[in-house]
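Hi everyone, thanks for making time for this one. Could we get the sequence and the structure up on the screen, please?

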Amino acid sequence: MSDQGKRLAAEAALEYVEEDAYVGVGTGSTVNLFIDALADMRDRIAGAVSSSEASTQRLRDRGIDVIDLNSAGRLPVYVDGADEANRFLQLIKGGGGALTREKIVASASDRFVCVADDGKMVDVLGAFPLPVEVIPMARSTVARELVRLGGRPELREGFTTDNGNVILDVHGLSITEPIKLEQTLNNIPGVVTNGIFALRPADLLLLGSDSGVRRLKAE
Ligand SMILES: O=C(CO)[C@H](O)[C@H](O)COP(=O)(O)O
């Protein structure tokens with residue numbers, strides 16, 4: 001993991017932010033660096049739509065107006081990080097637990113610019129435990145179904161999402177068919193969202209390292 005890589009990727013994303021428009025903002029340490037950089041152009045953007053309470057707070061602390069998605073309508077650009085990315089720009093997200101709002105804001109955006117350090121690139125998704133947001137009363141039934149699908153779910157202890165739900169982190173899944181698994185998991189009663197972003201992958205991946213930023217489009 002490279003902090004310099006995260007920073008370079010985050011700063012490179014400014015180039016894709018449209019002036020006089022609202023920008024969608026994700027969650028996580030890389031996005032925090034993006035928010036810090038975005039503060040320098042706060043007078044040139046309308047404001048932001050945020051994917052978490054944590055990002056909302058950071059945006060407001062830096063003088064950036066935050067409005068809700070219902071008021072903003074469609075967004076030209078969404079900037080967010082990832083826990084893993086493959087060459088099709090399909091992602092695993094949700095390490096910070098904000099996956100549901102992230103998926104909603106991503107789906108409302110014309111362009112999804114993903115910012116990450118180069119350690120996030122993988123051949124096959126799934127080494128990172130897959131976060132699944134679950135309605136609390138369904139925790140056990142969903143966990144059993146995840147075991148049936150070949151995973152080893154683990155409750156994220158002491159964590160509640162911004163939506164009042166729990167997270168099951170699923171170990172041991174080799175995700176060779178991301179779109180299919182994303183749909184399968186979403187069909188389990190009690191699952192709110194899962195952290196596979198394959199139905200709506202990123203459009204552009206800015207992959208930072210100590211030596212610079214690579215710009216990748218889906219193969
Ligand atoms: O999905 C996320 C939060 O829910 C983050 O984008 C993901 O966990 C990457 O975080 P970081 O930039 O700190 O590595």
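Let's begin where helix H2 meets helix H3: on the H2 side the contact residues are Val31, Asn32 and Ile35, and on the H3 side they are Ser55, Arg58 and Leu59. Sorted by class, that contact has three nonpolar residues, two polar ones and one charged. Before I go further, please keep in mind that this is a predicted model.

How are the two helices arranged? H3 covers residues 53-61, and its axis is 9 Å from that of H2, at an angle of about 20°. H2 and H3 are therefore roughly parallel to each other. As for handedness, the crossing of H2 past H3 is right-handed.

Now let's look at another partner of H2, helix H1, which spans residues 3-12. The axes of H1 and H2 come within 8 Å, and they cross at roughly 50°. That angle makes H1 oblique to H2. Here too we have a right-handed crossing, with H1 passing H2.

Which residues make this contact? From H1 we have Lys6, Arg7, Ala9, Ala10 and Glu11, and they meet Ser29, Thr30, Leu33, Phe34 and Ala37 of H2. The class count for the contact of H1 with H2 is five nonpolar, two polar and three charged residues.

H2 also brings us to the ligand. Helix H2, residues 29-38, supplies at least two residues of the shell around the ligand, and so does helix H5, residues 99-107. There are 17 residues around the ligand, and the ones that come nearest are Gly28, Thr30, Gly81, Gly95 and Gly96.

Let me finish with the domains. The domain assignment gives domain 1 as 3-122 + 199-216, and domain 2 as 130-193. Their C-alpha centres are 24 Å apart. The contact between them draws 13 residues from domain 1 and 13 residues from domain 2. Which element gives the largest share of the domain 1 side? That would be H5, with four residues. Taken by class, the domain 1 side that touches domain 2 has four nonpolar, six polar and three charged residues.

Methods:
Residues numbered from 1 in each chain as written. Predicted model: local features only at pLDDT ≥ 70, side-chain atom pairs only at ≥ 80, totals over all residues. Near = placed C-beta within 6 Å. Axes fitted to C-alpha atoms, helices over the stretch in contact; angles between N-to-C directions. Parallel < 35°, antiparallel > 145°, perpendicular 65-115°, else oblique. Left-handed = near helix turned anticlockwise from the far one by under 90°. Contact = placed C-beta atoms within 7 Å. Nonpolar A, V, L, I, M, F, W, Y, C, P; charged D, E, K, R; others polar. Domains from an automatic or database assignment.
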